[in-house]
Amino acid sequence: MSEPIVSIRNVSKKFPGGVVAVDQVSFDIGQNEFFALLGPSGCGKTTLLRMISGLEPMSGGQILIGGEDMANTPPNKRPTNMVFQSYAVFPHMTVEQNVAYGLKVTGVAADETKRRVAEALDMVKLTELAARKPDQMSGGQRQRVALARALVKRPKVLLLDEPLSALDAKLREDMRLELTRLQETVGITFIIVTHDQDEALSMASRIAVMEKGAVQQIATPAELYEHPVNRFVADFIGKVNLIDARVTSQSATAVHCEAKGLGRIDLPANKPCGATVCIATRPEKLKITRQEPQEPGLVKVQGLVRDVAYYGDTSHVVVEAADGLNLAINMQNDSRGGGAGVARGQKVWVHWLPAESIILTE
Amino acid sequence: MESWRDNRFVFWLLSLPGTFWISLFFIVPLSVLWIYSFGEKTGITDVAITWTGQNYGRVIEPVYLQIMWKSLWVSAVSTLICLLLAYPIAFAICFAPDRWKPILLLITILPFWINLLIRTYALLAVFRTNGYVNKAIGWLWNGIDWLFGGQHPFQPLELLYNNGSVIAGLVYVYLPFMVLPLYATVERLDKSYLEASLDLGASQLRTLLSVTVPLTMPGIVSGVILVFIPSLGAFLTPALLGGANAIMIGNVIETQFKSANDWPFGAALSFVLIYATFGILALRWAITARSKGVEF
């Protein structure tokens with residue numbers, strides 16, 4: 001990574017009453033990144049974002065933006081701008097006045113303000129609505145105002161707090177594409193806070209998964225999905241089958257274990273595991289067959305189809321095996337007719353390649 | 001909820017007691033008074049309704065105009081002081097921890113629970129020549145003076161029976177009327193507007209002037225009306241704290257109805273005051289219409 005634009009070092013936030021919202025978090029965000037802070041509500045992601053903006057004082061640690069320590073820089077002097085969850089578009093000002101506000105209060109010359117406001121409005125396609133008041137606009141339009149108002153300041157970092165959560169599903173989809181497009185156009189680092197994993201996976205170049213005030217993993221979307229480092233990340237990002245297993249022995253390349261419902265299985269592993277592990281496997285990696293698969297080396301188990309949910313492109317099947325082990329399988333409905341081809345109550349075999357499973361040690 | 005159009009009978013039934021009450025105790029007496037204002041005093045207690053305009057003619061005599069003008073500015077100054085005091089109070093209550101809010105609000109409205117007359121007499125005890133304010137200042141003054149050799153003993157300040165004491169009394173009595181609507185508006189104000197303003201580079205002062213004040217304007221207007229209108233008609237506070245030097249229009253009206261026994265003129269004065277009030281309310285509606293987009 002090139003010179004980081006934001007460095008977060010041992011940052012903590014303790015609220016009065018003893019709640020620790022952010023606990024000793026450290027990481028760097030690079031130039032031009034679309035960085036997502038992802039986690040369930042109450043994980044500290046919004047608090048962290050607000051500490052970057054300066055709106056929330058830190059209890060400890062250090063935040064550097066563009067190499068400068070922000071400890072004594074109030075929010076109105078920081079090179080960051082925020083798009084608020086509620087948008088916070090000033091209701092007593094027109095769209096144009098809203099966008100111009102940040103330039104006016106910092107003494108940018110009138111003609112330059114005018115030009116930059118026009119540019120910003122053009123960028124978010126609001127030129128026609130410049131004279132409107134916010135109460136005459138839809139949620140999506142108000143959000144564009146909030147975006148233009150922040151981007152017109154040409155910040156080093158744009159902070160977005162759950163920017164899509166107040167929009168309806170269709171608009172959210174469009175806005176995701178637009179935000180990625182916008183980020184590529186303006187070339188500013190975006191830091192987005194979201195609780196929606198789809199949002200983070202589809203937009204961000206890197207994601208920090210947070211839980212209970214701590215960062216669990218920072219990685220690209222594909223790495224997070226395919227190589228989660230722990231049970232929380234595996235479970236939070238996408239769907240996953242988690243199977244507890246007891247390690248019986250381990251060689252240099254494989255771990256032999258006794259898994260609940262699966263019996264003795266061998267999985268590839270290149271680092272030492274403890275006495276117990278958790279085997280994580282994504283539902284789409286699992287296959288269903290009527291007959292017992294004969295290929296060697298597969299992880300396989302027989303079970304009863306408990307549930308079939310048809311989603312058009314895919315079907316989500318739940319198979320119950322021995323020991324009360326429930327396996328979720330996502331089947332691609334890649335040929336017409338018959339859907340998943342399995343029905344509730346059927347006896348089937350579920351199998352997958354051992355390499356598709358992830359061994360989680362924590 | 002259903003519109004009252006869907007349930008006309010229920011609507012009429014429910015509005016009956018209120019209509020009755022308003023008619024009997026407000027509209028009817030006010031109409032009587034209005035008719036009186038066009039009457040002439042014919043004896044000690046007799047009034048003949050002659051539809052004369054001379055009562056209103058008397059209202060614009062300099063002596064009354066002067067008192068009216070003074071009532072206006074005394075009320076205006078009191079209202080302004082209330083606003084300047086109440087604005088930070090309202091914010092302090094809003095930003096206080098949740099369990100403190102009810103207590104702070106209670107403290108604000110606590111004086112309401114005590115009779116106005118008693119509260120005003122209490123102010124007399126505070127402001128009079130050997131009252132608590134003078135005692136406190138005198139103690140400080142004499143203390144400092146003693147350090148410098150005791151050349152200038154303290155002369156008690158004349159704090160009572162002037163416009164200042166009336167304003168102080170009005171501010172004291174009407175402050176809660178300013179705090180409560182302001183508090184209601186500030187409480188509803190989305191604090192992210194203020195954060196957005198700071199985030200966009202505005203200073204605290206700029207945020208206050210460009211964002212906070214415009215967005216709390218509904219509360220400011222309500223508070224100003226709630227304080228200014230009753231101040232304009234106040235008679236107890238100026239009577240007790242202002243004495244003969246600082247009478248307001250309310251005292252003149254009271255005198256006309258009581259000691260002077262001139263009901264027609266008192267009625268005319270009252271109605272001029274009511275018309276002035278209507279004018280202020282019309283001004284409020286004009287402001288409301290202009291700042292559309294801000295929820296009132």
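Domain bounds, as used here, are those given by an automatic or database domain assignment. In this predicted model, the assignment divides chain A into domain 1, spanning residues 4-235, and domain 2, spanning residues 239-360. The centres of the two domains, taken over C-alpha atoms, lie 39 Å apart. Nine residues of domain 1 of chain A and 10 residues of domain 2 of chain A take part in the contact.

The size of an interface is often expressed as the accessible area that is lost when the parts come together. For domain 1 and domain 2 of chain A, the buried area amounts to about 850 Å², of which 49% falls on carbon and sulfur atoms. On the side of domain 1, A:Tyr225, A:Arg231 and A:Ala234 contribute 62% of the area buried against domain 2 of chain A, more than any other three residues.

Polar interactions also link the domains. Two salt bridges are found across the interface of domain 1 and domain 2 of chain A. A salt bridge also joins the side chains of A:Glu226 and A:Lys285, with a nitrogen-to-oxygen distance of 3.3 Å. Between the two domains of chain A, five residue pairs are in polar contact, with both residues at pLDDT 80 or more.

The side of domain 1 that touches domain 2 of chain A draws at least two residues from each of two helices, namely helix 7 (221-226) and helix 8 (231-236) of chain A. By class, this side of domain 1 comprises five nonpolar residues, one polar residue and three charged residues.

Key
Residues numbered from 1 in each chain as written. Chains lettered and ligands numbered in written order. Predicted model: local features only at pLDDT ≥ 70, side-chain atom pairs only at ≥ 80, totals over all residues. Heavy atoms only, no water. Contact = heavy atoms within 4.5 Å. Buried area = accessible area lost by both parts, 1.4 Å probe. Salt bridge = Lys/Arg side-chain N within 4 Å of Asp/Glu carboxyl O. Polar contact = N/O pair within 3.5 Å; in protein donor to acceptor, adjacent residues only side chain to side chain. Helix = DSSP H or I, 4+ residues; strand = E, 2+ residues; numbered from the N terminus. Nonpolar A, V, L, I, M, F, W, Y, C, P; charged D, E, K, R; others polar.
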